[in-house]
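The sequence and the structure come next.

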Amino acid sequence: MLLQPIMKPLFKTPGKSAIDAVASFVGSYSIGLLITNRVYNSGHYSAKEAAIIATGFSTVSATFMVIVAKTLNLMDIWNLFFWSTLLLTFLVTAITVRLPPLANLDDNKLMTDEKQTEASRIKQAVSEGLEVAKSAEPLLASMFRNFKEGMLMVMGILPSIMSVGLIGLLLAKFTPVFELLGMLFYPFAWLIQTPDPELVSKAAATGLAEMFLPSLLVTNSDFVTRFVVAQISISSILFFSASIPCILSTQIPITVKHILIIWYQRTLLTLLMSTPLAYLIHYFISK
């Protein structure tokens with residue numbers, strides 16, 4: 001309720017979707033997707049809202065951002081890297097929700113959104129929170145249900161990760177597929193004057209297979225390249241070794257074709273916006 005004035009205009013999702021975003025960021029995208037799938041099945045999210053949350057908020061956790069920052073020697077500017085990446089990720093989401101295919105998905109749902117009453121928003125939020133807590137199932141029953149749903153998701157994910165994820169990693173290591181895919185980004189990387197547009201383009205493309213691969217490709221590069229690729233790794237969100245199979249294992253009606261288009265949109269937007277930011281940060285820290 002408190003975040004409804006922010007979530008609806010920016011991301012076209014209900015205020016309750018902020019819970020999914022927080023769960024992904026402080027926990028894991030799999031937890032966020034589990035919550036999103038449950039709320040979608042209960043009729044509180046439309047197909048469009050569920051797809052926006054799954055592809056726009058289900059990023060890697062803050063702890064994994066530390067691993068990326070350490071790998072690319074960015075811990076000296078951790079606060080700057082953390083907050084700029086967080087803001088950029090949600091800014092990219094705010095843009096992609098207004099582009100096809102997300103903009104064209106079905107937005108009908110069984111349950112209506114939360115409504116503002118004459119009471120203050122804080123009082124209404126507290127009242128609804130207490131009401132939900134009062135009607136909540138017992139703790140042990142909730143733990144069992146979460147465990148059951150988590151195991152069902154794991155069983156649905158494992159075959160996809162072991163097959164699709166492995167194929168993606170093999171393609172990245174032994175074939176030029178991702179170098180060719182990187183050509184989709186090369187003109188833009190060259191246009192905005194990244195220090196090594198060919199390397200940045202290839203790194204951006206390999207993120208589709210596994211989000212950590214781009215970081216491994218640029219460990220010895222200059223600051224701007226490392227910063228841009230680090231932000232792309234986190235902001236693009238979608239990759240075949242885990243997050244895409246997680247999304248496909250839910251009942252959210254989104255296809256692989258849609259996911260690939262959204263991945264390209266997110267990666268390109270991140271590249272275009274993070275490069276000027278990286279140059280600006282480099283200018284100030286080098287003085």
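## Salt bridges

A network of salt bridges links K8, E49 and K109; a salt bridge here is a side-chain nitrogen of Lys or Arg within 4 Å of a carboxyl oxygen of Asp or Glu. The model is predicted, with pLDDT of at least 70 needed for local features and 80 or more for side-chain atom pairs, while totals for chains, interfaces and linings use all residues. Residues are numbered from 1 along each chain as its sequence is written, and side-chain values use heavy atoms, without hydrogens and water.

Between K8 and E49 the N to O distance is 3.3 Å. K8 is in helix α1 and E49 in helix α4, 41 residues apart; helices are DSSP runs of H or I with at least four residues, numbered from the N terminus. K109 reaches E49 with its closest N and O atoms 2.9 Å apart. Because K109 sits in the loop between α6 (78-96) and α7 (121-135) and E49 in helix α4, this pair ties together parts 60 residues apart in sequence. E49 is buried at 1% relative accessible area, whereas K8 is partly exposed at 32% and K109 is partly exposed at 25% (buried is under 20%, exposed over 50%, partly exposed in between, with a 1.4 Å probe and protein chains only).

The count of salt bridges is three. E179 and K202 form one of them, at 3.2 Å from N to O. E179 belongs to helix α9 (residues 177-182) and K202 to helix α11 (residues 197-206), so the contact joins parts 23 residues apart in sequence.

## Aromatic pairs

There are 12 aromatic pairs, defined for rings of Phe, Tyr and Trp (its six-membered ring) with centres within 6.5 Å; planes under 30 degrees apart are stacked, over 60 edge-to-face and the rest tilted. F11 and F57 are edge-to-face because their planes stand at 90°, with ring centres 5.2 Å apart. F11 lies in helix α1 (residues 4-11) and F57 in the loop between α4 (47-56) and α5 (62-71), so the pair connects parts 46 residues apart in sequence. F11 is buried at 7% relative accessibility, and F57 is buried at 2%.

F82 and W83 are also paired edge-to-face, at 4.9 Å centre to centre and 85° between the planes. Ring pairs join W78, F81, F82, W83, F223 and F227 in a cluster.

Technical notes:
Helix = DSSP H or I, 4+ residues; strand = E, 2+ residues; numbered from the N terminus.
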